[in-house]
Every structure is written in structure tokens, then in C-alpha cells.
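User: I am new to protein models and would like to learn how to read a few features, one after another. Could you take me through them slowly?

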Amino acid sequence: MRRLILFPALLYAGMASADPFESCTSDAYLTQSAVATTYGVNLSTGEYTLVQNDMGTKGKVNATGFNPNDNYVYGWSNVHNVPARFGSDWQVEPLAVDNIAGKTFFVGDVSLLTNEYVVYRRGASTGLYAIGLDPANTETYLQMRLIVDGATMNLRIFDLAFHPSDGFAYSVDNKGLLHQIDVTNGTSIELGDTGESGTFGAVYFDVNGQLYISRNKDGRIFRIDIDGANYSAELFARGPASSINDGARCALADILDDTNTEIDFGDAPASYGTLLSDNGARHGLAGGATLFLGDDVDGESNGTPFPMSDDEIDGNNDDDGVQFATGLLAGSQAVLLVSASDTGYLNAWIDTNQNGEFDSNEQIVGDRLVGAGSNTVFISLPEDAIVGKTWARFRLSSDAGVGPAGGVSNGEVEDYEVDITADGASVTYYPSSDDWATIAYEDNWPIEGDYDMNDLVVYLRTAVYRQDGLVTFLNISGEIAAVGAAYQNGFGIRLPGVLRSQIDENRLEYTINDLPTAPYNPLESGPNEAIFMLMYNVWNYVSAGEDCTFYRTEIGCGSNIQARFNINIPLLEPVEMSTSGVFDPFMFATPGAWHGSHYSENPGRRYEIHLKNQAPTESFDFGLASVDIGVDASDPLSELWFQTEDGMPWALEIGTRWEYPREFIDVLFAYPAFEAFVNSNGESGHSWYLPENSNPNLVFTE
Amino acid sequence: MKKYIATFPLVLLLTACGGGGGDGQLILAPSQPDTGGDTASGGDGNTDGTVDGGVGGTVDGSGGADTDGGADGGLVDEQAAPEPYVAEASASSELTSDDHFDFSTRWDMNIDFDIEAATGTTGFLSICTEFEFDGEDAYGVNFDKCALRTSIVDGIYNGSMAVTNDISSVLAVIWFADESGAPVYNEFELVNGQESIQWR
């Protein structure tokens, strides 16, 4: 065992040391997703909020545990492949530990009595390890030692948690059996059957010896009474679902009920006055919320400013009371349809000068009395309203004279991100401003695959902005829905007929999960055409989860969507563009990655798969079709591409948010009418892809 | 500040409805589908009507050319008894299609509006895919599900939109935004692959 030189905190060179948590906090923390994201769960109310979506690591963080001895959270950083420490800002600080296991870990917690970070992995070549966390104990500090190998201790568990006082660690395996683990020797006892099965990727204790377990596929949190020896799991709360899931909580903390969630806050960015500390707009809900916009209103303990809005996370978007019946055109009137539950005063603002605040001269509705039901409201946009995305706030209350900030005793506030367009602009959406189309790929070209059409599945939506018939701006948004691929693939979109030089490169905006990707420039340099490299390797943004091989294609491998993207593409001059729909989305082989032993050299960027008869980009190497067992029948001179001799494709575009087949299920079995569609060359079976035409047992469900 | 000015009295606008003509009604009757070009004829192998419960069977749901009406307000054509579709092939690798067939599940449709009665007006046009007729004289529209949003001057708009196969009708809504204005609606029933919709 190597001796390490002692420093107060042994970190990688150059990394700053962050402050610990102020105290043993009551919240439970869930760290999820391929690009680590942390939520705080209030166990007394079941409410959860996004705490940090930028943890300073592009990779997963697993096996988290709270150390009450120093009030830091410890976890395993996949990118660094060593344990890491997290302070109150949730930024990763890798520790200078010699990883004697050589593997990554997703099961772990801090043993508070012995002040060690304990991690576990099944398998003979790995096992149960402890890493000392006490700087005063120089013999053990940051030393990793093996307690027992993973064949002797053989448990199918996905996290563990230490009891606040009895010294044992506890976990629930995927069959729902509760195990008590003695980490001094790696032995365990099976205590009983909790009655719930699944992958419980996050488990934690409270000070009363209650164990909480969070199930990956649906986010449900169950409580088990360890101290009371009642081992059946009781459904306690609903949290966010993810295939990557790890829980940390200060086991010595009580469940505090000091939060008041009977208040409705907005969710515009913080500069608009959203947080309580900024005297943000808020409406009291105590005594029964009877006055609200739309269908309902939900309460929260504090504002959740974009991009951390509760409406995105908790599955209940209560911003539903305002419809924009017309677009918002600078210098014109617009029509809003406002739905109210009862009579009240409506006040509203739009940040037309995009300064991040609702100025008093930006009030578009002032003390307008609205009644129960739908109200048609006419507003005016100033001539100098700046074109582009901005925010609008609507407040309904019994009181008149309400401003953009501050609290009132009843009603609701709804914040909307809105799109102001130039006067005379037209926008074409595909499939609509709120729907999705799907692109699905088999990634084995030129070899015929199994037609489960889920090696890569992307949901896409496009918006094309025109002025006088010429395109001035485009927006593409999408979600990585599934990756059922062993290969590593990238995803890009080409704009047919548009040149790279026509794009206003400096004003491109590309975000992933609402976080800017700048300074990354997605516009591919080199080719003359406008090609956007959205992800070089989709596996960098999604994860299969602890018990699964692929992302969102296998049974029981549910997860929320882990990667969403959005790109705004302004053009330098208005151009003619006849293309529509999804443009030319394509997958390519991740540069440097293996794409089959039939290629002696990794093909990388030269390898592309497009929709049938869609020509590839300039980077494509048609020589890659010459594989012995390949069945590609492309004929470039006849403009026939990416099809077999029978005309079958390696990619499909489907005009809906498609329920794609499960792993290894041929699309023909999941959707029998696909046969009619294909054999008739599209004359019949037009809607073969709709859910009502599927075999529901054969499509992937979360 | 520019306003939408309906210089043409709405009453006249209503009586001069295009596309099939309602007499003085706010709602314009659906225009005749323009069956140009490559539309699919309704009866070859499509099944329509009610939807099968699921295992092994399939019917062409809302996409069939024979089903009637808008999203909710229309009538389901119940003439033909649904025949569950059973695939004969045992794998997709056994299917064949023409090399030029592109598997597209959408088509591009022209929008050819030249509304005589709207000459001299400025309005805002939306073409939306989720809507419900209220049985009397108006529609409930989900304005978050629109495929086209544009200003429309003199009642003239030429453009195109992509329509997915499962859409059997779309609703055009024009607002002439003065304080007393109510929107004008025109529902278009579509045949799959329909070349254009027209409003005169």
C-alpha cells in the first residue's frame, strides 16, 4: 500500500476546496443521469427540486453518501474513477485515492461510526472496500482496502445505506429482499421481503431508523421501518425517475416539517423576481386554492427559476391558463385566451426589451377583470419589442393593483417563455409547435440489422421562420429517446441546400438540457454545407443504468429522458429553402470508436446513416459499403441511398412521438400494419405507427 | 402602433364564405378536398372504423381517408367492420418496397388562400391540428399544436406545411384583432397526400 503525503484535503492538483454543508441537512439528495444532476427531496412533503444541474463533471456520479463527521458528501466519480467529495455547491472534487479495484462503483455510503467511505461491487475480481476519511488517522486516510471479495459477498444491490447508530449497512436487492450487511467482515443477513421489486438505486436513512428506497424506473420512494422490524415497503413519495440514481442523506437528521408549500411561485429566471429571497411573485394557497389560471395550481416552498422549473420535473405543469391564440409580433396586437377558475383581476407583463426584468412600461394587461372560463384578451406589443425568446408573467388575484413581484393572499402566477417574432413573420412547425416526430436508426449498415429500429431513437421538432417567403431563422429541438446500440454513435443534422457560409455562426445558440454548450460550435467546419454536429457520442449524454445494457429499450430499464437539446440557427441573409419536416438528420460513427470487425480501421466520421434515399454529406466514404456480408444497394447515380435490394431502410422517420419496439423486437411484430405500408409502397397502412395499431406488449414502456 | 383593422365588416365576411358556403354562419363549411396528384384512394386495404383492442390486430386509425371530421367533433365512419391486420411475413427482412419509396409518414401540402372577403384586412392565421367543434358556432383550439402561425394580409397566404399521416383534418383560424372581433374558422378535411387546401 502506497503512503500518501498528508494534506488537509487530498485533491487533484489545482482543484479548489469547497465549503461543506452548513449542517446535517434534512433533505435527501438524489444524484442522477449520465451527466450528473442532483435533486433535493423533502421527505416530509414528498416535494423535490433540482439542486444542481452542473456538477462540474461530464460523467456519472454514483454511490453517494453524506458524512456527518465533516458534513461533506462523498461519491464515486466515473470520469476520474476515484472517490470524490462534494461540498454545499455540489461541485466534484476528486480525491487522491489509489483505486486498487481498478473498477467503478455504483453502490456505496459513508459509515458514520467508523468514518469510512464504503463501496461495493459484485464479482470475484472486485468486492467490498473501505476508504478512510479521517485525516487524523494517517494510517488509513484515503487508503483503499479490500474487506471481502464480491463472490463471497454476492448481493444484487444497487446502493446501500448505513443506519444512524447500529453500525450495519442496509440495502434492498432487485427481488425486493432486505439485507443487513456487516461491513467489518462482509457478511450479510436477509431480514425479509419488502414486497416491492426493481432496481433501488438510491437508499437512505433518517435518524429514527426508517430506511427510504428510491426505485429507478418510476422514481417511487418507499419507506421501510427498520427499527420497528416491519420490513414491508410503504409507498411514501414520488420522485424523479432515472436509470442512474444514487442517494445521500445525513442519517442523523430528523425529518423536519418546516417548509410551507402552500404558496404558488413563478418559474421565470431569477432576475425577474422569482425566488422568495428576491420578494418573488407568490400567491397564498392556504384555505383551498379556488382562484387559479387554467386547470389547477400547485404549491411549492420557493420559486424554481428556469431552467430548474418544477413544471419540468414534477410531472405537473400547472402553467396552463394562458393560450397564445396569435403569435406575438413586434408592433402588433395579439390575442390571448386566458382561462380562470373564478372572477379575479389579471395583470401581465412581457419583457419586450429583454433586460431580464418586468419593467413597469412592459405591463400588457392591467387590472383586467376576468371571469370564470375562457376570456379573450387583446394585448399590444411595442414596435421596439426585441425579436426572440423572452419571458411573460401572468398573475390572477382577488386584489387589484398587483405588480410583477411580491406576495398576495390568493390566486396564481404563471410564467411563460414566449417567442416574439418580427412583424410579418410566419413560422412553420413540424409536426406542430408542441408535438414530436421520431427518427429511428439501425446502426449496422451496410449489414442488415434486426429491425428493432431502436439503436438510436431521437424525437425532433423543427420551426422555420420566414419573412416574405424567405427563411430567416430555424429552430430544432430534440430528445435522445433511446440508445439500443453496442456501437458508439453520434448524431447530426444537415440543412439541405443551405451553405455553411449562410449561417450566422456568432449567433448560434446550442443548449443541452437547457445548459449552454458554448464555446462549443456545433456547425461543422470543413464541409461547405450547413451541418450541425449535435453529439459526437450519444453515450456521453445518456446511460444504461446499473442493471441494463442499453438506454430505454429493455424491459424494466425505464428512465426519464436524460438528454434534451435545442439549437437556434439564425441566417445571415434570408434564403430560399424548400426543405421541410426534419431536414436531414443522420447518425455517424463516433470518431475513434470501433464499428464492427469488418472494418480494419475505425470508420468514424466517414460512416453515416441517413433516411432512405437521402444523400450523405461530403464526409461520407461510400467505400464503407463494401463489406462482404453487407446488403446495401445504394446507387448514387440514381439517387438511391441507404436501402437494401428489397428497398428496406436503415432509418425511419415517423410523424409522432413514436412508441418504438423493445430491444430485439422486429418492428413488424410491434406494428403489423408496417407490412401493408411497405408492400403497398405507402398506398395503404398510412398510420401504421400509431399506438392503437401496436402490440402494446412489444413496444418499450417506461 | 399597427392594429389589425377589419375594414371589411365581419358580417359581409361571413356571408362571403369560401369553400362550400355557409349562409351567414360564422363557421365555414369544410372545403372540398382537392384530390390532385398522389392521394391514396380510400378503399384499398385500409380498414377504418373502430380501433381494435390490440393483440395481433391493427386497423388504420384516424389516418384513413374515409373517417370523417375533426379531432373530436367529427363522426367516426362505422360502416366498415374493422378487420384486424395480420402480417404474413415473419420478419421485416422479408418485406419489399420500390427503391423510390421513401417510407415517409408525412406529406407536404400547399396552402393556397386568397380570401376575397378579406381584401384590405390584416389578420393572424394559425393552422392547427388539435381542435373540437363546440356544436354551435365556434371551436375549442389547442393553440400549442399548430403547424403554421403567420400574419395574413388581404386574406392572401401562400405557403406549405408538412402534414403527418395521422392527421385527417386541420383547422384554419384567423383573428382580426379588434376589440369586438371574433375569429373566423375554416375546417379542412384532408385526404392523405392531399396537394393543397384552398380558401377563396
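This is a predicted model: local features need pLDDT of at least 70, side-chain atom pairs count only at pLDDT 80 or more; totals for chains, interfaces and linings use all residues.

User: Which residues form a negative surface patch?

Analyst: Such a patch is made up of B:Glu132, B:Asp134, B:Glu136 and B:Asp137. One of these, B:Glu132, sits in strand S4 (residues 131-133) of chain B, and this residue counts as partly exposed because its relative accessibility is 43%, which lies between the limits of 20% for buried and 50% for exposed.

User: How should I read a salt bridge, and how many does the structure hold over all chains?

Analyst: The general idea is that side chains of opposite charge can pair when their charged atoms come close. Over all chains, the structure holds 21 salt bridges. One of them links the side chains of A:Asp434 and B:Lys145, with 3.6 Å from N to O. This pair crosses between chains, with A:Asp434 in the loop between strands S32 (425-430) and S33 (437-441) of chain A, and B:Lys145 in the loop between strands S5 (139-141) and S6 (146-153) of chain B. A:Asp434 is partly exposed at 37% relative accessibility, whereas B:Lys145 is buried at 14%.

User: Where do A:Glu653 and B:Arg106 lie?

Analyst: The side chains of A:Glu653 and B:Arg106 meet in a salt bridge of 2.3 Å, N to O. A:Glu653 is in strand S43 (residues 651-654) of chain A and B:Arg106 is in strand S2 (residues 106-114) of chain B, so this pair joins two chains. A:Glu653 is buried, its relative accessible area being 6%. Salt bridges can also share partners, and in this way A:Glu196, A:Arg215, A:Asp218 and A:Arg220 are joined into one network.

User: Is A:Leu160 buried or exposed, and which residues does A:Leu160 touch?

Analyst: A:Leu160 is buried, because its relative accessible area is 0%, and buried means under 20%. This residue belongs to the loop between strands S11 (144-150) and S12 (161-162) of chain A. Leaving aside residues up to four places away in sequence, its contacts include A:Val107, A:Asp109, A:Tyr170 and A:Val203. The C-alpha atoms of A:Leu160 and A:Val119 are 8.7 Å apart, although 41 residues separate them along the chain.

User: What should I look for in the backbone itself?

Analyst: The general idea is that most residues other than glycine have a negative phi, and most peptide bonds are trans. A:Ala63 is not a glycine, yet has a positive phi of about 55 degrees; A:Ala63 is placed in strand S4 (residues 61-67) of chain A and is buried, with 0% relative accessible area. As for peptide bonds, the one joining A:Trp445 and A:Pro446 is cis, with omega about 0 degrees, and the one from A:Ala518 to A:Pro519 is cis with omega near 10 degrees.

Terms used: Residues are numbered from 1 along each chain as its sequence is written. Chains are lettered from A and ligands numbered from 1 in the order in which they are written. Side-chain values use heavy atoms; hydrogens and water are left out. Patches are made of residues with over 30% relative accessible area and no salt bridge: like charges are joined within 9 Å, nonpolar side chains (Val, Leu, Ile, Met, Phe, Trp, Tyr) within 5 Å. Accessible areas come from the Shrake-Rupley method with a 1.4 Å probe; for residues, only the protein chains shown count as cover. A salt bridge is a side-chain nitrogen of Lys or Arg within 4 Å of a carboxyl oxygen of Asp or Glu. Lys and Arg count as positive and Asp and Glu as negative; His and the chain ends are not counted. The place of a charge is taken as NZ of Lys, CZ of Arg, CG of Asp or CD of Glu. Helices (H or I, at least four residues) and strands (E, at least two) are DSSP runs, numbered from the N terminus. Buried means under 20% relative accessible area, exposed over 50%, partly exposed in between (1.4 Å probe, protein chains only). Contact means heavy atoms within 4.5 Å.
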